[in-house]
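Hi everyone, thanks for coming along.

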Amino acid sequence: MSKSYWMDDQSGNFSNKREDTFDPQKQYLGVRLQQGVPLLDRDWNEMEDIRRYWDVQLKRWYIGNGVPYGDNGFEISPTAPATLDFRIRKGRCMVDGFDVVNQPPGDAEFITYSQQEGEDDLAQLPVGTLHTVYLDVWVREVTGLLDKSLTNTQDIDIETAVRHCLGWRVRVVN
C-alpha cells in the first residue's frame, strides 16, 4: 500500500507542501500530542491516516470482500421492460476494506446504471460481446464548495477542515 493510498491529490490548504507524512512501513499505531509545541495539521492528518489504515486492513484481511448475508446489495438485474440499461440493488458491499452503501432516494429498491453521474451510455458498447460490470470505489475530498456546512457560516464563516468521502460507481468495460 502506497503512502498516497487514500487519494491521488488533495486540494485543501495543507502545510508541508501537501506532502503525505503517513508511511505504513513504519507501523505507527497512533499520534500523541505534546504540550508547549505547535499543533500542526500534518500530525492531525497522519493520525487520521493511521487510524483509517488499520481499520481498512482489519476489514480487508479478516472480513474480506462481499455483501452481508441476505443483503443482495449491488445485485445487477435487467430493467423491465428490457432496455439498454440495468438495475443496481440497494444495499452494502465490502470492497477492499471499505463499506460501500447504495441508498437510492426514497423507498426505491434500485438505481439504474444510467442514473449514475458521469457514466458512458451503454449503447456505445459493442453488441454481441461480453462485458465486465464492476464496482469502482475511491476516496474523494469534499470542501466547502461542495458542502456549504463546512464553511462554518454560523460563527467564523471560513472552512476549517475538509472531509473525505467514499465515492463509488458501477462501471462497464468490454
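Let's begin with Asp 43, which counts as partly exposed because its relative accessibility is 30%. You will find Asp 43 in helix α1. Please keep in mind that this is a predicted model. Now pick out Arg 32 as well: Asp 43 and Arg 32 are 11 residues apart in sequence, and from C-alpha to C-alpha they are 9.0 Å apart in space.

Another aspartate to find is Asp 41, also located in helix α1. Is Asp 41 buried or partly exposed? With a relative accessibility of 26%, Asp 41 counts as partly exposed. Which residues does Asp 41 contact, if we leave aside its neighbours within four places in sequence? They are Phe 14 and Ser 15. Here is another pair to look up on your screens: Asp 41 and Leu 150 are separated by 109 residues in sequence, and their C-alpha atoms are 17 Å apart in space.

Now for the aromatic rings. How many aromatic pairs are there? The count comes to 4. Let me take one of them, Phe 22 with Tyr 53: the ring centres are 5.4 Å apart and the planes meet at 55°, so this pair is tilted. To see why, remember that planes under 30 degrees apart would count as stacked and planes over 60 as edge-to-face, so 55° falls into the remaining class.

As for accessibility, Phe 22 counts as buried because its relative value is 3%. Tyr 53 counts as buried too, at 10%. Tyr 53 also forms an aromatic pair with Trp 54, and this one is edge-to-face, with 5.1 Å from centre to centre and 80° between the planes. Trp 54 is partly exposed, having a relative accessible area of 29%. Put together, ring pairs link Phe 22, Tyr 53 and Trp 54 into a cluster.

Let's move on to some strands. There is an open sheet of 3 strands, with antiparallel pairing and the order β1-β2-β5. Which strands are at the edges? Those are β1 (76-78) and β5 (110-112), each of which pairs on one side only. From one strand to the next, the twist averages 35°.

We can look at one of these pairings in detail. Strand β2, residues 86-89, pairs with β5 in the antiparallel sense over 3 bridges. If you click on Ile 88, its bridge partner in β5 is Ile 111.

Thr 112 counts as buried, because its relative accessibility is 18% and the cut-off for buried is under 20%. What does Thr 112 touch, not counting residues up to four places away in sequence? The list is Thr 79, Asp 85, Phe 86, Arg 87 and Ile 88. There is also a polar contact of 3.2 Å between the side chains of Thr 112 and Ser 114.

Most residues other than glycine have a negative phi, and most peptide bonds are trans. With that in mind, go to the peptide bond from Ala 80 to Pro 81: this bond is cis, with omega near 0°. Pro 81 is in the loop between β1 and β2.

Then try Gln 27, which is not a glycine and yet has a positive phi of about 60°. Gln 27 is located in the segment before α1. Asp 157 is not a glycine either, and its phi is positive at about 60°. Where is Asp 157? Look in the loop between β6 (132-142) and β7 (163-173).

How values were computed:
Residues are numbered from 1 along each chain as its sequence is written. This is a predicted model: local features need pLDDT of at least 70, side-chain atom pairs count only at pLDDT 80 or more; totals for chains, interfaces and linings use all residues. Side-chain values use heavy atoms; hydrogens and water are left out. Rings of Phe, Tyr and Trp (its six-membered ring) pair if their centres lie within 6.5 Å; planes under 30 degrees apart count as stacked, over 60 as edge-to-face and the rest as tilted. Buried means under 20% relative accessible area, exposed over 50%, partly exposed in between (1.4 Å probe, protein chains only). Two strands pair if DSSP finds at least two bridges between them. Helices (H or I, at least four residues) and strands (E, at least two) are DSSP runs, numbered from the N terminus. Axes are lines fitted to C-alpha atoms, for helices over the stretch in contact, and angles run from 0 to 180 degrees between N-to-C directions. A polar contact is a pair of N or O atoms within 3.5 Å; within protein, one must be able to donate a hydrogen and the other to accept it, and residues adjacent in sequence count only if both atoms are side-chain atoms. Contact means heavy atoms within 4.5 Å.
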